[in-house]
Number of protein chains: 2
Amino acid sequence: MTPTASSTYDDVIYLDYNATTPLDPRVLEAMAPYNLSLFGNSASRHLPGIAAADGTENARELVAALVGAQRQDIVFTSGATESNNLALLGVAAASGEYRRHLITVATEHKAVLDVLAALGSRGYEITVLVPDRSGWLSPDKLAAAIRSDTLMVSVMGANNEIGTLAPVKNIGRLCRSEGVLFHCDGAQLVGKLPVDVDESNIDLLSISAHKMYGPKGVGALYVRRLTPISPIFYGGGHERGLRSGTLNVPAIVGFGMAAQLVSSEMQADMAHAEELRRQLVLELQRAFSDLEINGHQTARLPGTLNVRLPRIDGESLQLATPRLAIASGSACTSAAPEPSHVLRAIGRTWDEAQECLRLSYGRFTTPTEIESAVKLLYEAAQRLGRTNRKEADR
Amino acid sequence: MTPTASSTYDDVIYLDYNATTPLDPRVLEAMAPYNLSLFGNSASRHLPGIAAADGTENARELVAALVGAQRQDIVFTSGATESNNLALLGVAAASGEYRRHLITVATEHKAVLDVLAALGSRGYEITVLVPDRSGWLSPDKLAAAIRSDTLMVSVMGANNEIGTLAPVKNIGRLCRSEGVLFHCDGAQLVGKLPVDVDESNIDLLSISAHKMYGPKGVGALYVRRLTPISPIFYGGGHERGLRSGTLNVPAIVGFGMAAQLVSSEMQADMAHAEELRRQLVLELQRAFSDLEINGHQTARLPGTLNVRLPRIDGESLQLATPRLAIASGSACTSAAPEPSHVLRAIGRTWDEAQECLRLSYGRFTTPTEIESAVKLLYEAAQRLGRTNRKEADR
């Protein structure tokens, strides 16, 4: 234990669950024996190895159950970024010459957009659809983009910045009827709202553990049987040849426990997040009368609120509230100085995007924290004063 | 805690350190705060994020120091398999059309051989050198294989199955003078014996945490400045664009602590392993008079002993000693039924290879465990009796 560390950050109000969630203590407890007595390599054919393999297979069952999948269709990876890469690069590599068109949306995570850009530079054709101003992708728009050479559609289940959901079932039905593969980046959706790969005709689903109270460094890709896919790593042939490398047993076991917990507590977690959201919106509106909410009004994650505070610079506000952990851009893009590509894609101007904040919360957030957070924001905004960029620019 | 688990495996003698080492309790202690209070995303620009980033940067310094590198030349990955893939695929992708010849050795890990096979199928030419019967690669043999279009030489620092070392300094000097890149898979070497990337002219070095008392799910690739290399993952541009994805902060912090510990305790660890090896060889020779030792007599890891017990089937012996965790093949190849490619490459016949066992041990192994292990093997061999395959085949 680093005593300085915990004492320094114990008084921080953490409202950045979409960047990473706290680890549920029950997850840590499930992992503990696999760090110590059950530390074997799951590929070893002796008792410690078999115990480790049992732990991973049990976790595989739990992760599969969370999304209505079969155990054997879950591939463990190092996280959702790797899962997205495996889904997109792996399917492209396995799919030959005839279908080289892929469709995605401008509000996707960089872990999809950057991979597709890489495929674009290798001769694939990428269509990037623009959603409406709430971040909503209309299935009709998608239908119009599908061509005879379309290989795959990649649409995230829920947006990490504004929380808008995708019409996953409609997209799945459409893709299935058109004979196009459907990859869904479920990093922000799975564990927060119900997902069923069969019901939604999802062929590939990326899952992250550390966005659902599980450990960092582990994720999964659901791959529907018979989906053409090649590995992006080689060496050893673990995970049915799709992902080589010693399995991260403790993290996988923790992932399994996290999946079990979000599964059994989903109704409670959802209700709690809705309650917090209601409170947060009310109190923010009281503090900032001209508050604007980004994202869809109903098709949205309960635990994400993205707001614009007109004429208040988001980053300055963030810096002025050191006790408050929130995001002013996407936390996943390290040191990118430009405003969020998501906010720009839904029609926010450069200036408006810089006036936006993302608050995300969940299982361990309390109403008192929400109250204190709004108070901190209000006080900081009072101290900072409002800017009028247009005037300042003149 | 799973009480059954720890009670079931507490009485196992673990001599499979090359598959994975136990986690040093001090590593777990260093990780603990990053699982709980300091759980932030290291890319977030708020206090919890900054604390997480500080933890990773401190660990980067420690891992770099272990191999004489600069902090900024260490890229964190999910493990040595990914590091090998990044080194080989990444350099190949960045290196254009003129140099498409790579050289490796038949005794490399599958995480190198399989990657090179994949490059082979993409039009690269791969030369696989055969070492001598001790697993030793003569620098002269390597020198003769280097051509004007050779891009890279990939040679492991120490063999995972037989423990034979490579003449790393000679290889590095040779590669440097020929203008060829040198990738070293250091998964089994780093942390066990001193390695200095500058002294050995190593351009790319793969490092694993869970082979040096650190956590699973994390590794590193050292990349010498100006080495042409492309990422194999996309999305977010973490790790200076070379490895996207949320950093596995607790594991990276644990990796740093593990690096610090193997660095400060290397002399003691080496002496301890040499002592155990001496004891193990003596007692095994007493129990099995016709024992044969695989691997180099002097250029070898102290903590690895690979032996042949003539006319005793290794896997049967392994099955007959459930309290003993040892390897009969390579533990990293999941469920591969054929005998080790390493033993075949050093000239062992198919039958001989099946009579081989790998015992690997380290920091936490006691002389009493070595004594008990040999006793268990001896008793099991007595029970099993010896087979004579040639007669049985007739």
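The conversation below takes the terms one after another.

Modeller: This is a predicted model, in which local features need pLDDT of at least 70 and side-chain atom pairs count only at pLDDT 80 or more, while totals for chains, interfaces and linings use all residues. Residues are numbered from 1 along each chain as its sequence is written, chains are lettered from A and ligands numbered from 1 in the order in which they are written, and side-chain values use heavy atoms, with hydrogens and water left out.

Colleague: Why is A:Q188 called buried?

Modeller: Buried means under 20% relative accessible area, exposed over 50%, and partly exposed in between, judged with a 1.4 Å probe on protein chains only. A:Q188 has 4% relative accessibility, so it counts as buried.

Colleague: Which side chain does the side chain of A:Q188 join in a polar contact?

Modeller: The side chains of A:Q188 and A:K192 are joined at 2.6 Å, and a polar contact is a pair of N or O atoms within 3.5 Å; within protein, one must be able to donate a hydrogen and the other to accept it, and residues adjacent in sequence count only if both atoms are side-chain atoms.

Colleague: Why is B:S328 buried?

Modeller: B:S328 has a relative accessible area of 16%, and therefore it is buried. Its side chain also makes a polar contact of 3.0 Å with the side chain of B:Q318.

Colleague: What is the volume of the largest pocket, and what is that of the largest cavity?

Modeller: On a 1 Å grid over the protein atoms alone, a cavity is a set of points where a 1.4 Å probe fits but cannot get out, and a pocket is an open set with protein on both sides within 12 Å along at least five of seven lines; lining residues have an atom within 4 Å of a point. The largest pocket has a volume of about 650 Å³, and the residues closest to its centre include A:R122 and B:R122. The largest cavity holds about 380 Å³ and is lined by 32 residues.

Note on methods. Points joined across faces, edges and corners; volume = space filled by probe spheres on them.
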